[in-house]
Every structure is written in C-alpha cells, then in structure tokens.
Amino acid sequence: MMSRRILHVDLDAFFCSVEEILDPDLLGKAFVVGGRPDGRGVVASASYAARAYGIRSAMPTAQAMRLAPNLIILPGRHGVYGEHSKKVMTFLREVAPIMQQISIDEAFLDVSTDLRAGAILAREWQKEIKERFKLPTSWGIAGNKLVAKIATEIGKPGGLVRVSPGEEAEFLAPLPVEMLWGVGPKTKDRLAQLNVYTIGDLAMIPEVKLRSHFGAVGLELASRARGEDTSEVREGGEPRSMSAERTFARDLTRRADLHKALLQMSEEVGRRLRREGLAGRTIRLKIRWPDFSTHTRQLKLAQPTDHDGEIFTQAQKLLGSIWKEGQPVRLLGVGVADLGMPWRQLGLFDREQDQARRLQEALDDIRSRFGPKSVRRAGGLKNPDPPREDQNP
C-alpha cells in the first residue's frame, strides 16, 4: 500500500497578520485582536511581539493589559479576515490533490499522489502564499493528520517540520502530553496522577492500566501517543476546479522539458478527476516568467473530459499560444475547470474512445496499487527535469 503524505498548514497569528497587511505600522508591535478590557473581552489573536509578554489567545483582555500596559487592542474585522482566508484556501484547494479546511486559518492536504516530496511542496506553497497574499504560514509534514498538526505547532512561527515514516513515536515522546488530541485540562490532571507528563510517558503506560482509568478512551490515547492515526483528509463541498503546478529548481527553456512537465501534471489532474468522478470543459494553463510575472490562458472543450491525453494535448496548445522557443519558465501549471459529471456524445469513434478509457482505467489501477511512479507514458520519461522535482520523502 502506498504510504500517506499529509501536510498541515496554519496561518500564523492570522488575524494579527491581516491587520499588519492593512496597517504596516503595526509590524513588530505588541497588539491583539479582541474585546475591550473594561468588559469581559478576551484575546482572539496576539501578535508575536505580544506573545513575548506571555499573552495568548483566549486570555482575558484585562489580564493581557496587565502583562503589557502599552498593548494595542484592535476590534475584530471578521469579514475582512474571511476574505483573506478564502484567497489562501482557494489557492490550496486548486494545487493540492485533496484539501480539507478545518478552520479559518488551518487546513490538511493529502499529497500522497503527488510525485514531489512533501517538503518541496510545503516550501513552494509557503513561499507562494507569502508572495501572493503577504501571509506567513507554518507547516507540518507526516504520514498522518495527528502528527502533521503537532509538527506544525512545533515549528511556529514560519516553520516547516517533517516527521519521517517510522519516527512518529520518537518525535512525540518528549512533548508535553497536553499537545495530544483529546488531552484537555481535566485529562491532563488525571494523567499527572499517574506520573504522565509527556507523550512518551503516556506511550509507556500499559494499555490495561489506561483502560482501567479511562475506559475505551484510554486505548485511543495510547494509540495517539504512539503517533497512530488513520483518519482521512476529506474534501468539503464540490470543487470548482482541479489543478497542478510546478515551480522548477532552475528555469526551463527547452520545449521537451516543458512538455514533460505538462504531461506529468496532466496525468495528475486527470487521475484526481477520475477518482472524484468528475470531468471538466475548460482547460487552463498557468505560466510564470523569471521576473515573477504570471499569465494564464484557457480554452473550452466541446464536451467534458477527465482523460490525461486530452488535457495534455490542450495544455500544449495553450503553451504554444504564449511561450516562445528558449524563453525561460519559472513555474508551469495545468488545470481543469467547469467541473461536473463525466459524459460523452455517442458517435463513430466510440470503440476507439472505449479502448482509450479502458487503458486509462488499467493505468489508474496499477498506480493505485503500486504508486504514481509505477507506470508512466513514454513522453514523461524523457528529458528529465532539474533535480529535486520528482523526489519523495
């Protein structure tokens, strides 16, 4: 079975980061977004300068003022924060094979089917979010959601922490037990009575003892302490488009290299469409030059497609409409939009189309069983891209 690669992303001090975009004079200052101190107001978000005073989210604002008398307090602008969140989440939904938003500032991404290493993807998307949306992010990479989220917490702010397969328990062991899902203040106190203060301490407690103290929940806690989690990243809502893109280690200038990248991305998008039972009528191309200027082109098909070859053919046409021989390319992307249920118009070429579909289904089956690299179209095996693009962790 193909191992999972899960990314967790968190927008650092999100409300405060948006306020710093709107008012750059706030940069480096101790301020919070929250309620007034003369009432029952609490801190919704604290800048990192404020956190240096010990100020945290959910702290009463009056207490925060005692810790930092010159603290700046801003009222929340949740509509504005929502607009900034939507831009980032839309970007992540378009570039990741599977994306699950879990709050206004957090998401899980399942990149198991992407050919690139999880760390390469996280670094690329972290940089892109900073450049495009001016927002800092922290990332965690692991084989499951539980460990990926904790890795993000360890790396804040602005970090990127990867936990290799098989190292989950070792990574978790020295961390405070309250970092584990399901360990709130009451459970933490009850565990302290058993001399359990770290996740490693919890992992060492016999399951029989945990069950006697916590019932079935004790067995679940023991499993989590070992870094075990089988929960899936689940998409929410109907996707309006699916895409894949690559930022190259060095600019590409050869047609053959660009076509190879287009083919790999077309296969990835097609595979995701078929897995979700979707097809699209609009093919999109995204291209970025070395000066970071970015352009898009698109065309509409007569009928929806989920076929790699069709996506690749149309993407080649779009590339030819904007790219000139020898022109350096920093980033390339392929997408399919106007998604809906697959359908096709019956005609003289049904037999040929059915043969192509059966071949595609056979390729999908092989890749699902042995991984996305197990079989590739010939065009994807020639003229290798620069190093790092096809490495997995």
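Student: Which residues in helix 1 meet which residues in helix 4?
Tutor: Phe 14, Phe 15, Val 18, Glu 19, Ile 21 and Leu 22 in helix 1 meet His 78, Val 80, Tyr 81, His 84 and Ser 85 in helix 4. To meet here is to have heavy atoms within 4.5 Å. The model is predicted, with local features needing pLDDT of at least 70 and side-chain atom pairs pLDDT 80 or more, while totals for chains, interfaces and linings use all residues. Residues are numbered from 1 along each chain as its sequence is written, and side-chain values use heavy atoms, leaving out hydrogens and water.

Student: What angle do helix 1 and helix 4 make, and how far apart are their axes?
Tutor: They pack at about 95°, with axes 10 Å apart. Helix 1 is therefore roughly perpendicular to helix 4, the term for 65 to 115 degrees (under 35 is roughly parallel, over 145 roughly antiparallel, the rest oblique). Each axis is a line fitted to C-alpha atoms, for helices over the stretch in contact, and angles run from 0 to 180 degrees between N-to-C directions.

Student: What is the strand order in the open sheet of three strands?
Tutor: The order is 3-2-4, with mixed pairing. Strand 3 (43–46) and strand 4 (72–74) are at the edges because each has a single partner strand, leaving one side of each without a neighbour in the sheet. On average, neighbouring strands of this sheet are turned by 30° against each other, direction ignored.

Student: How do you know that strand 2 pairs with strand 3 and with strand 4?
Tutor: Pairing requires at least two DSSP bridges between the strands. Strand 2 (residues 31–34) has three bridges to strand 3, running antiparallel, and three to strand 4 in the parallel sense. Val 33 has Ser 45 as its bridge partner in strand 3 and stands opposite Leu 74 in strand 4.

Student: Which way do the residues of strand 2 point, and are they buried or exposed?
Tutor: Phe 31 and Val 33 point one way, Val 32 and Gly 34 the other, and all are buried. In a regular strand, side chains alternate between the two faces of the sheet.

Student: What is the phi of Ala 13, and where is Ala 13 found?
Tutor: Ala 13 has a positive phi of about 40° although it is not a glycine. Most residues other than glycine have a negative phi, and most peptide bonds are trans. Ala 13 is in the loop between strand 1 (6–11) and helix 1, and its 11% relative accessibility makes it buried.

Student: Which residues does a cis peptide bond join?
Tutor: Lys 156 and Pro 157, with omega about -5°. Pro 157 is in the loop between helix 6 (145–155) and strand 8 (160–162).

Key: Helices (H or I, at least four residues) and strands (E, at least two) are DSSP runs, numbered from the N terminus. Buried means under 20% relative accessible area, exposed over 50%, partly exposed in between (1.4 Å probe, protein chains only).
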